[in-house]
Amino acid sequence: TATWTPITYTLSYDLAGGALPEGKTNPETYNIESDAITLNNPERVGYTFTGWTGTGLEAATMEVTIAKGSIGDRSYTATWTPTAYTLTYDLAGGALPEGKINPVTYNIESDAITLNNPERVGYTFAGWTGTGLETATMEVTIAKGSTGDRSFTATWTPITYTITYDLAGGALPEGKTNPESFTIESEDIILNNPVRTGYDFAGWSGTGLAEATMEVKIAKGSVENRSYTATWTPTTYTLTYDLAGGALAEGDTNPTTYTIESDAITLKSPVRDGYTFAGWTG
């Protein structure tokens with residue numbers, strides 16, 4: 001009678017940078033009497049397992065079973081595809097400059113990615129917050145070899161714009177002021193008009209005004225520095241006379257109006273039959 005000992009065959013593995021999950025193993029030997037063996041699949045940070053190649057396999061195979069009754073040494077190699085991770089952005093009202101983009105996916109093999117910073121009218125970019133960032137950060141780089149989905153949010157600081165005024169000799173009424181700055185988030189600003197002795201206010205000229213404007217409003221949401229100049233018209237004052245029965249000599253006149261800018265006026269004295277002019281009161 002012949003007697004037999006089952007031949008021991010080797011199983012070798014190339015995990016190609018991966019490792020079996022904790023507590024899992026794959027046998028290193030088997031024989032023709034071994035029960036069917038289904039290989040445990042490895043894991044690898046940043047990669048998705050795409051199957052085994054090797055003995056008896058025509059293509060990468062996700063589940064490999066060595067059936068009972070199999071023979072021969074066997075060798076298996078793990079294959080991998082880099083895992084695609086998502087990059088999401090909340091630009092919080094901003095937009096990337098024309099021609100600039102930020103990627104929406106990456107993998108462990110991607111070259112380092114430095115995010116393009118967005119822009120927003122009326123605001124200064126104050127940095128990104130999000131995955132892996134403890135504070136708002138102006139320059140964010142995702143290093144080659146990084147893993148995991150990532151999310152970033154843009155933060156903003158309103159730009160402070162200046163308002164300058166030339167009151168052209170006038171002054172604001174007591175207790176009134178006009179602001180010297182504003183931001184895009186400021187509520188509507190209506191300018192207080194100045195006053196000037198001897199003049200009527202004729203409106204503001206300046207930023208965004210096609211002509212002198214009596215009421216200037218800087219609407220909420222406005223941007224850019226602003227400059228305004230007061231314009232004035234001399235106030236016209238009346239001159240009235242009671243000649244008390246007299247009259248001006250033929251050819252003499254006295255003006256009926258004047259302004260602060262008028263040249264000095266010396267009144268013509270009236271005459272009256274039977275009287276000597278004794279002067280003006282008023």
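What follows is a guided reading of the fold, the sheet, the charged pairs and a few individual residues of this protein.

The structure is a predicted model, in which local features need pLDDT of at least 70 and side-chain atom pairs count only at pLDDT 80 or more, while totals for chains, interfaces and linings use all residues. Residues are numbered from 1 along each chain as its sequence is written, and side-chain values use heavy atoms, with hydrogens and water left out.

The protein contains zero helices and 22 strands, where helices (H or I, at least four residues) and strands (E, at least two) are DSSP runs numbered from the N terminus. Its radius of gyration is 46 Å, well over the 19 Å that the globule rule gives for 282 residues, so the protein is more spread out than a compact globule; the radius is taken over C-alpha atoms, and the rule is 2.2 Å times the number of residues to the power 0.38. Along its principal axes the C-alpha trace spans about 175 × 30 × 20 Å. Of the 282 residues, 25% are buried, a class that means under 20% relative accessible area, with exposed meaning over 50% and partly exposed lying in between (1.4 Å probe, protein chains only). The protein exposes about 17700 Å², of which carbon and sulfur atoms supply 49%; accessible areas come from the Shrake-Rupley method with a 1.4 Å probe, and for residues only the protein chains shown count as cover. Among contacts with a separation of 6 or more, 58% are accounted for by residues 24 or more positions apart, a contact being heavy atoms within 4.5 Å.

The pairing of strands can be followed in an open sheet of four strands, which has the order β14-β13-β18-β16 and mixed pairing. Here β14 (181-182) and β16 stand at the edges, each with a single partner strand, so one side of each is left without a neighbour in the sheet. Two strands are taken to pair if DSSP finds at least two bridges between them. Strand β13 (residues 161-166) and strand β18 (residues 226-234) run in the parallel sense over four bridges; Ile-163 has Arg-226 in β18 as its bridge partner, and Asp-166 stands opposite Thr-229 in β18. Between β16 (residues 199-206) and β18, by contrast, the pairing is antiparallel and extends over seven bridges, with Thr-231 in β18 as the bridge partner of Gly-203.

How many salt bridges does the model hold? The count comes to four, when a salt bridge is a side-chain nitrogen of Lys or Arg within 4 Å of a carboxyl oxygen of Asp or Glu. One of them joins the side chains of Asp-35 and Lys-68 (3.8 Å, N to O). This pair links distant parts of the chain, with Asp-35 in the loop between β2 (29-30) and β3 (37-38) and Lys-68 in the loop between β5 (65-66) and β6 (74-82), 33 residues apart; both residues are exposed. Another salt bridge is formed by Asp-111 and Lys-144, whose closest N and O atoms are 3.8 Å apart. Asp-111 lies in the loop between β8 and β9 (113-114), and Lys-144 in the loop between β11 (141-142) and β12 (150-158), so the pair ties together parts that are 33 residues apart in sequence. Asp-111 counts as exposed at 56% relative accessibility, and Lys-144 does so at 53%. Glu-187 and Lys-220 also form a salt bridge, with the closest N and O atoms 3.4 Å apart. Glu-187 is in the loop between β14 and β15 (189-190) and Lys-220 in the loop between β17 (217-218) and β18, so this pair ties together parts 33 residues apart in sequence. Glu-187 is exposed at 55% relative accessibility, whereas Lys-220 is partly exposed at 48%.

Some individual residues complete the picture. Pro-103, in the loop between β7 (85-90) and β8 (105-106), is partly exposed at 28% relative accessibility and touches Leu-87, Tyr-89 and Ile-113, not counting residues up to four places away in sequence. Thr-259, in the loop between β21 (257-258) and β22, counts as buried at 19% relative accessibility; with the exclusion of residues up to four places away in sequence, Thr-259 touches Pro-234, Thr-235 and Thr-236. Phe-277 is placed in the segment after β22 (270-271) and is partly exposed at 35% relative accessibility. Together with Tyr-237, Tyr-258, Ile-265, Leu-267 and Trp-280, Phe-277 makes a nonpolar surface patch of about 490 Å². Patches are made of residues with over 30% relative accessible area and no salt bridge, like charges being joined within 9 Å and nonpolar side chains (Val, Leu, Ile, Met, Phe, Trp, Tyr) within 5 Å.
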